[in-house]
Amino acid sequence: MNGGARAPAIRLVNLTLGYDRRPAVHHLDGEIAPGEGLAVCGPNGAGKSTLLKGLAGLLAPLGGAIDFGGASRRAAAYLPQVVEIDRAFPIDVRDFVAMGALARIGLWAALNGAERARVAAAIETVGLVGFESRTLETLSGGQMQRALFARLIVQDRPIVLLDEPFGAIDEATIDDLLALIARWRAEGRTVIAVLHELDIVRRAFPQTLLLARECIFWGDTRDALCQKNLVQARAMSEAFDERARECLRDEFDAKDKLHVH
Amino acid sequence: MFIEVFVTPFADYEFMRRALVGSLALALSGAPLGVFLILRRMSLAGDALSHAILPGAAVGYLVAGLSLPAMTLGGLVAGLVVALAAGAASRFTAQREDASLAAFYLVSLALGVTLVSLRGSNVDLLHVLFGSVVGLDDAALLMLVGVSTLTLILMALFYRALVMDTLDPLFLRQTSAFGEFTPFLFLALVVLNLVAGFQALGTLMAVGVMMLPAAAARLWTRDLAVALPLAAAIGALCCYGGLVFSNETSAPTGPAIILAAGVVYLVSMIFGRAGGLLRLKRPRRHLEG
């Protein structure tokens with residue numbers, strides 16, 4: 001497991017992400033240090049999942065850029081909020097977890113001894129020993145989430161992106177998964193998670209980005225989750241402004257620099 | 001008696017041997033593709049695409065008459081255009097993929113029938129719609145066998161990508177450069193097999209030899225590594241049975257093959273060990289833990 005050592009710093013430069021020209025993340029600037037544990041919080045529709053999709057390389061920016069410091073666009077392992085997995089697909093837990101090895105073994109090589117050991121270790125880490133030969137449809141929701149985490153372990157990427165990983169998960173499983181996240185960070189991996197459970201954020205994530213389409217606050221978790229910021233984030237308007245005009249902020253910023261104040 | 005029915009027709013008549021080879025080739029590659037179509041919940045997309053091939057073949061027919069290369073090329077282009085257009089329409093417009101596929105293939109089918117009837121007789125139209133497995137010439141046979149070989153090789157090469165794209169497309173797209181390419185490869189293989197199949201069985205029947213053996217195989221096993229060869233074997237058996245039945249009763253061969261597959265599907269639905277009627281209605285006693 002040497003994936004952690006390579007974690008690059010991630011720089012967001014005036015980043016705007018969205019769909020159909022509508023920004024979901026608007027002019028975001030900031031830097032995520034290697035090995036950081038960053039929680040992304042905010043109301044529904046604040047652009048949290050969109051930001052993760054952008055970081056995962058699944059959504060091209062409408063403006064600005066994400067800079068991985070020269071690392072590959074596929075440096076991140078990504079757990080989406082809604083997994084489009086057909087649970088009826090005939091595949092057992094071991095093979096499902098082994099999917100994580102794809103980036104290393106490619107389409108044609110077989111799993112060698114080291115990879116098989118990695119898969120077995122990942123299954124043990126998430127507590128699914130004994131489930132190896134069960135098909136996905138026989139798993140409960142929480143067990144499925146554990147299997148997804150096992151696949152993330154096998155992926156062994158320097159950056160881990162988690163989109164609301166703890167929905168409908170029991171306390172014991174959350175504790176196990178938080179321990180795993182702590183281990184990832186100890187290995188030097190960057191973990192970025194979208195979360196609604198503020199107590200979990202306070203427990204496990206030193207840094208918080210409070211997002212409401214625009215950045216409300218980005219910094220130390222204790223400062224981020226104060227009442228003033230939370231109220232401000234909640235005040236965001238979810239609906240689109242039907243008559244929204246083109247955003248000219250970049251041009252204004254450029255002009256500001258020319259102005260002599 | 002047994003030999004007379006099951007062996008003699010193929011030993012005596014070359015056209016029966018050709019029909020057997022052509023339909024076997026079609027079943028061997030088409031049925032495993034059908035297994036993936038079912039897993040991707042695209043069973044009806046295969047049907048739609050088989051209709052979409054028609055106008056292309058019709059244009060080929062208008063340009064060059066009953067010429068295999070012209071009609072094949074036309075069918076291939078039309079099938080790929082509809083597959084890509086439906087995919088693009090659902091991605092770039094508000095229309096869902098199944099709705100846009102339905103729209104495209106309906107227009108396509110109407111266009112095809114109109115084009116054929118503009119020039120040809122009804123006999124030609126019947127030939128295009130229902131094929132003529134007992135009239136396969138060397139060129140048609142080579143194409144069927146070639147398409148079958150190519151399909152099996154590509155499916156083997158990209159098996160892992162096909163499985164992952166079916167199970168978790170987002171994961172494949174995020175982790176591998178093959179993520180964008182695999183769905184198109186799959187659709188291209190489906191169209192290729194349908195085009196090859198329409199020579200032998202006609203556009204309306206080509207999809208039957210793809211879907212019915214695959215649907216039947218799914219009722220016997222949950223294991224994909226078993227379902228794929230099983231579907232191919234069921235398809236091959238149905239082709240053989242259908243040809244024998246057609247020879248005995250002088251029923252048209254294409255429908256006879258599909259009917260044979262239909263019988264196997266019904267039997268599987270009742271007796272299938274993985275989700276068949278009897279197994280679901282009379283489950284075994286539950287376990288201790």
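**Chat: a sheet, a core and a serine**

Mentor: L15(A) stands opposite L28(A) in β2(A). Bear in mind that this is a predicted model.

Trainee: OK. How many bridges pair β1(A) with β2(A), and in what sense?

Mentor: There are 7 bridges, and the sense is antiparallel. Strand β1 of chain A covers residues 10–19.

Trainee: What stands opposite G18(A)?

Mentor: P23(A), in β2(A).

Trainee: And the hairpin of β1(A) and β2(A), how many residues lie between the strands?

Mentor: It has 2 residues there. D20(A) takes a positive phi in this hairpin, near 50°.

Trainee: What about β4(A), how many bridges join β1(A) to that strand?

Mentor: The count is 4, and the two strands run antiparallel. In that pairing, V13(A) stands opposite A65(A) of β4(A).

Trainee: So what's the strand order in the sheet?

Mentor: The order is β2-β1-β4 in chain A, an open sheet of 3 strands with antiparallel pairing.

Trainee: Which strands stand at the edges, and why is one side of each without a neighbour?

Mentor: β2 (22–32) and β4 (63–67) of chain A. Each has a single partner strand, so one side of each has no neighbour in the sheet. The twist averages 30° from one strand to the next.

Trainee: Which helix packs on the sheet?

Mentor: Helix α1 of chain A, residues 48–55. This helix touches β1, β2 and β4 of chain A. Its direction makes about 120° with that of β1(A).

Trainee: Switching topic. Which residues touch the most other members in the largest nonpolar core?

Mentor: V97(A), L161(A), L49(B) and V209(B), out of 163 residues in that core. Helix α3 of chain B, residues 14–39, gives the largest share, 13 residues.

Trainee: What is V97(A) in contact with, leaving aside neighbours within four places in sequence?

Mentor: V119(A), A122(A), I123(A), A147(A), A150(A), R151(A) and V154(A).

Trainee: Now chain B. Where is S148(B) found?

Mentor: In helix α8 of chain B, residues 138–157.

Trainee: Is S148(B) buried or exposed?

Mentor: Buried, because S148(B) has 21 C-beta neighbours inside 10 Å, and the cut-off for buried is 20 or more.

Trainee: What does S148(B) touch, not counting residues up to four places away in sequence?

Mentor: A25(B), L26(B), L28(B) and S29(B).

Trainee: And how far apart in space are S148(B) and L192(B)?

Mentor: 9.2 Å, C-alpha to C-alpha. In sequence they are 44 residues apart.

Notes
Residues numbered from 1 in each chain as written. Chains lettered and ligands numbered in written order. Predicted model: local features only at pLDDT ≥ 70, side-chain atom pairs only at ≥ 80, totals over all residues. Buried ≥ 20, exposed ≤ 12 C-beta atoms within 10 Å, placed from the backbone. Contact = placed C-beta atoms within 7 Å. Pairing = 2+ DSSP bridges. Axes fitted to C-alpha atoms, helices over the stretch in contact; angles between N-to-C directions. Core = buried A, V, L, I, M, F, W, Y, C linked by C-beta atoms within 7 Å.
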